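Hi everyone, thanks for coming. Please have a look at the sequence and the model first.

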Amino acid sequence: MLRMRALHWLAILAVLGLLAAACAPDDEVEVEEPDVVEEEPEEVEEEPEEVEEEPEEVPDTDGLRIGYLLPETGPLAFLGPAQIGAVEMAISEINEAGGVFGEEVVLLSGDEAGDAAVASTSVDRLLGDGAHAIVGAAASGMSLAVIDQIVGAGLLQCSASNTSPTFTDYDDNGLYFRTAPSDALQGPVLAETVLGDGHASIVLMARGDDYGQGLADATAESFEEAGGEVLDTIIYDPEAATFSAEVEQAAAANPDAIVTVPFDEGVQILQDLIEAGLGPADIGVYGADGIRDSGLAEDVDPGNPNVIDGFKGTAPDPAATPDFLDRFDEFTDGEEPIFSAQAYDCTNLIALAAVAADSTEGADMAAEMPGLFTGDNECATFGECVEHLEAGDTIAYQAASGMGEFTDVGDPDRGTYEVWAWEDGELVSLDSVEATLD
């Protein structure tokens, strides 16, 4: 058996030798290495490492900390840059003038996001970071969601754009103020604008929240007092995907004009009105501050810049003082200014109240807020005003927003309103109207 195997291998080697001799050239034989297929190692899924978000670094200071609760995201995000920019501008000026108690004012940020849970979480973080006062929220509904949380912690709150009449009688421990006037003032201006255009009957379409209901009620009351007829008031769900049913209801009333009180859902409402033959080219269509946005026409129809020509409305005046508007334009590189002057006033007033009270306690600052308008020395910036206060004199703050003075419940006693309209594909300002509680 062993001999047979040996013979077998000798035969194979002989054949291979003959083949090599026959096939090889005179020079070296090139031998192809066989392809080596490497086995890929079995993939082991590793758990992704959790990256913890670094908390905002808050400087250690005994000075004043002001937080903002403003819409960085959400349905009112278009209002955020103007108010945030105005707060930053005011704090920049305050710190250039020496700050408060000789230290720079610290700015803390918080997003209201149009979501009560997000707004509440933001407030918790601002409280944890040692805020002494909060500017915001922008939306009335968001402030109502967190006001008890803020004033319950003893903080001063000042909103630049809450217009719901609800806040006038709200139990806020005297810690809530606003520099935007109540819609009890805007309603009459909006009603007069519609009547002035010759419309005798209207249908109101308003979002179902404090802002929508409050402005709708104030407008309806003023419109009827002036002799007009309110045919229907439609309160809708702002989260709805379409408003065709509400538009059909409005059409059935056959009004001269439709007055809307929306936020960003106003884009869909305008689209539905136009589709139903009730757009600004067909009848009078009006809005208010919640839809005053220079990008509105493009949102409604990107291919037709004139799609909402004739659409009109009212809003708290972006700035009653040209000097402020010029400085804001330069500071923000041309940001839309709506509610910017009001946010600037809130920030200045908080800092001046801290100086006047020689304290960052909410109750102490709140006690000083009304008196900042009624003193002997007129001044319009923190730098001008603080010189008088540090000299022991009183001041009469000249608000950039033209808000007048605070009432005993923290509301402005008057407001300046812009009448705006869409003409030739552009948002333009038509008039400025002052309204007072009288």
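Let me begin with a question: does C385 count as buried or exposed? Keep in mind that this is a predicted model. C385 has a relative accessibility of 0%, and the cut-off for buried is under 20%, so C385 counts as buried.

Now for the partner of that cysteine. C385 forms a disulfide with C379, and the two sulfur atoms are 2.1 Å apart. C379 has a relative accessible area of 2%, so this cysteine is buried as well. The torsion about their S-S bond is about 110°, so this disulfide is right-handed.

How many disulfides does the count come to? The answer is two. The other one joins C158 to C346, with an S to S distance of 2.0 Å. This pair links distant parts of the chain: C158 sits in strand β4, residues 156–159, while C346 sits in helix α11, residues 340–357, and the two are 188 residues apart. Here the torsion about the S-S bond is about -75°, so the C158 to C346 disulfide is left-handed. Both C158 and C346 are buried. If you number the bonded cysteines along the chain, the pattern reads 1-2, 3-4.

Let's stay with helix α11, and turn to the core. The largest nonpolar core has 55 residues, and L64, V100 and I350 touch the most other members. Which helix gives the most to this core? That would be α11, with eleven residues.

Last stop: how α11 meets another helix. The axes of α10, residues 322–332, and α11 come within 11 Å and cross at roughly 95°. An angle from 65 to 115 degrees counts as roughly perpendicular, so that is how α10 lies to α11. Which residues of α10 and α11 meet there? From α10 we have F324, R327 and F328, and from α11 we have S340, A341 and Y344. Sorted by class, this contact has four nonpolar residues, one polar and one charged.

That's my tour, and I'm happy to go back to any part of it.

Notes: Residues numbered from 1 in each chain as written. Predicted model: local features only at pLDDT ≥ 70, side-chain atom pairs only at ≥ 80, totals over all residues. Heavy atoms only, no water. Disulfide = S-S within 2.5 Å. Helix = DSSP H or I, 4+ residues; strand = E, 2+ residues; numbered from the N terminus. Buried < 20%, exposed > 50% of the residue type's maximum accessible area, 1.4 Å probe, protein only. Core = buried A, V, L, I, M, F, W, Y, C linked by side-chain atoms within 4.5 Å. Axes fitted to C-alpha atoms, helices over the stretch in contact; angles between N-to-C directions. Parallel < 35°, antiparallel > 145°, perpendicular 65-115°, else oblique. Contact = heavy atoms within 4.5 Å. Nonpolar A, V, L, I, M, F, W, Y, C, P; charged D, E, K, R; others polar.
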